[in-house]
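Reader: Could you take me through this model, beginning with the overall fold and then turning to individual residues?

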Amino acid sequence: MRISQLDGKRVALWGWGREGRAAYRAVRARLPSLALTLFCSVDEAADARGLHDPWLTIETQASAERLGGFDWIVKSPGISPYRAEAVAAAEQGARFIGGTALWFGEHAAARDGGRTLCVTGTKGKSTTTSLLAHLLRAGGHRTALAGNIGLPLLEALDPPQPPEFWAIELSSYQTGDVALGGARPDVAVALNLYPEHLDWHGSQARYVEDKLRLLTDARPRIAVLNAADPVLSALSLPDSEIRWFGDATGWHLRGDALWCGEREVMDTASLPLPGRHNRGNLCAVLTAIEALGLDAEALAPAAASFKPLPNRLQPIGERDGIGYVNDSISTTPHATLAALDCYAGKRIALLVGGHDRGIDWHGFAQAMRTRAPLAIVTMGENGPRIHALLAAVAGEGGFALSAARDLAEAMAQARTALGAQGGVVLLSPGAPSFGPYRDYVARGRHFAELAGFDPDAISAIAGIGIA
C-alpha cells in the first residue's frame, strides 16, 4: 500500500500523537490537496487547527457512523481496531491502515531503501533493536534506528542519505501493518511472548496472533527466533528460513559466557546490558547480524560500548545509602521478575502496580514465596488486586508488604522499609503508566524527580535516527 493509492479516496486520520502527526505530514507531502478528516481529542484539535490546512477537517467524535463513511482510515497504533466503533466501521467498508504499513509500502518501491530488520517481543525489544543498530554502526554500516522506540517510521520516510540497514522496533500494535505495506522484511527477530496489552487486543490468544503476524503474514526472508520460547519454538514458517538463538547449535549463553555453537566467544558479565535476559538478547542480535551475511563474532565486542536505554533497569543514583533504579518500562509481571533476578541477594524495596489491563498476577505472587525482595509496595489502579494476592504469601515469603496511593507515597514507604541499613528502591511496576502519567517515560521522570535527581539527565535515548 503506497500513499499515492490514497489519492481520490475518502481518507481520515485517527489519532494526533506523534505517529498521527507523522502520518499527516507524510500524506500531505505526497498528496498536498487531498481532503483529510482528522479524528482527535478536544485538546489535540486546537493544535491541529494551528496548521491552517484548508483541506483538513477536524472532528472530536469518532463514531462508528462517521468512521464508516471513509474508504481508508490511517490509524495511530494506540487505537485498537477491536474497539466497537472500529469494528462497526470496518463492517461498513472502511479499511484501516497504520503509518508502519505506509512506510513499508513506500520502502518497497524505493530503489535504495536499505535492508530491513524488524524486532518484536513482549520484553526486551527496545534494547535489542538499539543494540542491533549499535553493532551494525560499529561495523561501519550506516543504520537507521526507528519505529516503536521513539521515531515513527514516517518521520524518516525520505532520508537524504538512505541507510544501508533499518533496525526497526515493532510493538504488537504495529506488527500486523508490515504485511499490509507489501514489503517482506529481510530479517524479523522475535524474542519472547508473554501476556501483554490485553485491553488493546481483547485476549491473550489475539495478542499472540497479532504479534506473530510479523512472521506469519509478513513472511520475512529470515526469521530469528528464541529457541527457549514455547510458542516461538513450535512455529512452522514455510516461507521463511528460521535461525534460532538460545540454542546450543547457535548463539547462546552458558552462565555469563557467550558461545557460538561449541566455540566460546566472550564473557558478558561486564557488558552494559542490565539483566541476564538482555545479555541473552545479545544472542538474538548476533544471529540477526549473521543472517545479513556479516561477521557477528567480530562485532560482538562492540557491545561493551553500548549505552543502556533509559527507564530499563536504569540506575539513576544514590542518596543517603539508598540507590534508585528506574525500570519504568516494565509493564508485565514477567519483566518485574526479571528485574528482581538482576538484584538477587540485595536489600530491595520493590514498587509495583499501575494501570489495570487484566493481566494475571498469580504467577508473580507464587514466585514471591521464594524470590521475594525485602519489601513490596503496591500502588496504582491494580495495586489493590496485586496487594490481595501478595498478602496471601507474605508470611511464607518473608517480605514486608504495604499499599500506597501513588508513586510519591510508595517511595516514602520504600525508604522506610529499607531503614538505616539502606538498599535499593526498584521501580519495576509490571503495569502501564496510563492514568497519572502520559507514558512510562513520564513515570520514570517523576521517579527520578522524587528521588532528588534531574529527570532530564535520565530521559534521552541515544542513537535514534540514522547514523
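**Overall fold**

Author: The protein contains 19 helices and 21 strands. Its radius of gyration is 23 Å, close to the 23 Å that the globule rule gives for 467 residues, so the protein is as compact as a globular protein of that length. Please bear in mind that this is a predicted model.

Reader: What does the C-alpha trace span along its principal axes?

Author: The span is about 70 × 55 × 40 Å.

Reader: And what share of the residues is buried?

Author: Buried residues account for 55% of the 467 residues. As for contacts between residues at least 6 apart in sequence, 69% of them join residues at least 24 apart.

Reader: How much accessible surface is there, and what part belongs to carbon and sulfur atoms?

Author: The accessible surface comes to about 18,800 Å², and 50% of that belongs to carbon and sulfur atoms.

Reader: How many positive and negative side chains are there?

Author: There are 44 positive and 49 negative side chains, and the centres of the two sets lie 2 Å apart.

Reader: Let us turn to the helices. Which residues of α4 are buried?

Author: In α4, which covers residues 84-91, the buried residues are Glu85, Ala86 and Ala89. Viewed down the axis of α4, they fall within an arc of 100°, so they line one face of the helix.

Reader: What do those buried residues pack against?

Author: They pack against β1 (11-14), α3 and β5 (95-97). The face turned away from the buried side of α4 carries the exposed residues Ala84 and Glu91.

Reader: What follows α4?

Author: Gly93 follows α4, and its phi is positive, near 110°. Gly93 is also one of the contacts of Phe70.

Reader: Where is Phe70, and is it buried or exposed?

Author: Phe70 sits in the loop between α3 (64-67) and β4 (72-75). It has a relative accessible area of 8%, so it counts as buried. Setting aside neighbours within four places in sequence, Phe70 is in contact with Arg10, Val11, Ala12, Thr37, Phe39, Gly93 and Ala94. Phe70 and Ala90 are 20 residues apart in sequence, and their C-alpha atoms are 9.7 Å apart in space.

Reader: Now α14. Which of its residues are buried?

Author: Phe364, Ala365, Ala367 and Met368 are buried in α14, a helix of residues 362-371. Seen down the axis of α14, the buried residues fall within an arc of 160°, so they line one face of the helix.

Reader: Which elements do they pack against?

Author: The buried residues of α14 pack against the helices α13 (333-342), α15 (383-391) and α16 (394-397), and against the strands β17 (348-352) and β18 (375-378).

Reader: Which residues does Ile289 touch?

Author: Not counting residues up to four places away in sequence, Ile289 touches Leu132, Leu135, Leu136, Leu294, Ala296 and Leu299. Ile289 belongs to helix α11, residues 276-291, and with 0% relative accessibility it counts as buried.

Reader: How far is Ile289 from Gln92?

Author: The two residues are 197 apart in sequence and 45 Å apart in space, C-alpha to C-alpha.

Reader: What about Thr100, buried or exposed?

Author: Thr100 is buried, its relative accessible area being 4%. It is found in helix α5, residues 99-109. Beyond its neighbours within four places in sequence, Thr100 is in contact with Leu153, Leu170, Gln174, Asp177 and Val178.

Definitions and conventions
Residues are numbered from 1 along each chain as its sequence is written. This is a predicted model: local features need pLDDT of at least 70, side-chain atom pairs count only at pLDDT 80 or more; totals for chains, interfaces and linings use all residues. Side-chain values use heavy atoms; hydrogens and water are left out. Helices (H or I, at least four residues) and strands (E, at least two) are DSSP runs, numbered from the N terminus. The radius of gyration is taken over C-alpha atoms; the globule rule is 2.2 Å times the number of residues to the power 0.38. Buried means under 20% relative accessible area, exposed over 50%, partly exposed in between (1.4 Å probe, protein chains only). Contact means heavy atoms within 4.5 Å. Accessible areas come from the Shrake-Rupley method with a 1.4 Å probe; for residues, only the protein chains shown count as cover. Lys and Arg count as positive and Asp and Glu as negative; His and the chain ends are not counted. The place of a charge is taken as NZ of Lys, CZ of Arg, CG of Asp or CD of Glu. The arc is that of the directions from the helix axis to the C-beta atoms.
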